[in-house]
Amino acid sequence: MPRTTDGDGTPVPQRLLAAATRLFAEQGYDRTSVQEIVEAAGVTKGALYHYFGSKDDLLHEVYARVLRLQQERLDTFADADEPVAKRLRDAAADVVVTTIENLDDASIFFRSMHHLSPEKNKQVRAERRRYHERFRALVEEGQKEGVFSTETPADLVVDYHFGSVHHLSTWYRPDGPLTPQQVADHLADLLLRALRP
């Protein structure tokens, strides 16, 4: 039976994910072997396969853990007892900050998504669609209330914002001139300006 933690109490699945994330970011998914992952995590292949069925499952989990966090946070913003413009702005800024805080995960995923099995790819697309639909529902709510312009379809507004979010890994640098929150504020403000009636 594989150990569930290491000397400092870190659970083996988290060690495997941390090692895989670092190696996928440094070398690329396709150039990282299972052996390198288990050596970096300090476990056996048996331990990896106990927690993850394959390297494909590790890649899926790298992205899924960020998406779960973002979905949970979006649901909290969307359900808040606040005006729709504030809820949308908070959600729009938050997805930028959480993406930047998990930039390796996001960049690995967008570079390597095509390596997922068709079943995992379908699952990820469904998870992303659920997130985008909840975000779009905020835009539509504001449009119905007359708070946001209806000139631009809600789908296009959502695609515009998430296009910016998905490209953060190509240009954002932690040592650059803007903090994650500053980038988030700018992009959220752009989104709301685009929706002004």
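**View 1. The largest cavity of the predicted model and its volume.** By the rule used here, the count comes to one cavity of 30 Å³ or more. The volume of the largest cavity is about 130 Å³. In general terms, empty space left among the atoms is shown by rolling over them a probe the size of a water molecule.

**View 2. The residues that line the largest cavity.** The lining is made up of 16 residues, and those that lie nearest the centre of the cavity are Y63, Q70, T99, V165 and H166. Two or more lining residues are given by each of the elements α4 (55-79), α5 (84-101), α6 (103-112), α7 (118-145) and α8 (154-166). Of these contributions, the largest share comes from α4, which supplies four residues. Sorted by class, the lining holds nine nonpolar residues, six polar residues and one charged residue.

**View 3. The crossing of α5 and α7.** The helices shown here, α5 and α7, are both among the elements that give two or more residues to the lining of the largest cavity. Their axes come within 9 Å and cross at roughly 150°. Because angles over 145 degrees count as roughly antiparallel, α5 is described as roughly antiparallel to α7. The crossing in which α5 passes α7 is left-handed. On the α5 side, the residues in contact are V84, R87, L88, A91, A92 and V95, and they meet Y131, F135, L138, V139, E141, G142 and E145 in α7. Taken by class, this contact of α5 with α7 has nine nonpolar, one polar and three charged residues.

**View 4. The crossing of α1 and α6.** Helix α1 covers residues 12-27, and its axis comes within 9 Å of the axis of α6, with the two crossing at roughly 60°. That angle makes α1 oblique to α6. As for its handedness, the crossing of α1 and α6 is left-handed. From α1, the residues T21, F24 and A25 meet D104, D105, I108 and R111 in α6. By class, the residues in the contact of α1 with α6 are three nonpolar, one polar and three charged.

Technical notes. Residues are numbered from 1 along each chain as its sequence is written. This is a predicted model: local features need pLDDT of at least 70, side-chain atom pairs count only at pLDDT 80 or more; totals for chains, interfaces and linings use all residues. Side-chain values use heavy atoms; hydrogens and water are left out. On a 1 Å grid over the protein atoms alone, a cavity is a set of points where a 1.4 Å probe fits but cannot get out, and a pocket is an open set with protein on both sides within 12 Å along at least five of seven lines; lining residues have an atom within 4 Å of a point. Grid points are joined across faces, edges and corners, and a volume is the space filled by probe spheres set on the points. Ala, Val, Leu, Ile, Met, Phe, Trp, Tyr, Cys and Pro count as nonpolar, Asp, Glu, Lys and Arg as charged, and the others, Gly among them, as polar. Axes are lines fitted to C-alpha atoms, for helices over the stretch in contact, and angles run from 0 to 180 degrees between N-to-C directions. Angles under 35 degrees count as roughly parallel, over 145 as roughly antiparallel, 65 to 115 as roughly perpendicular and the rest as oblique. A crossing is left-handed if the near helix is turned anticlockwise from the far one by less than a right angle, and right-handed if clockwise. Contact means heavy atoms within 4.5 Å.
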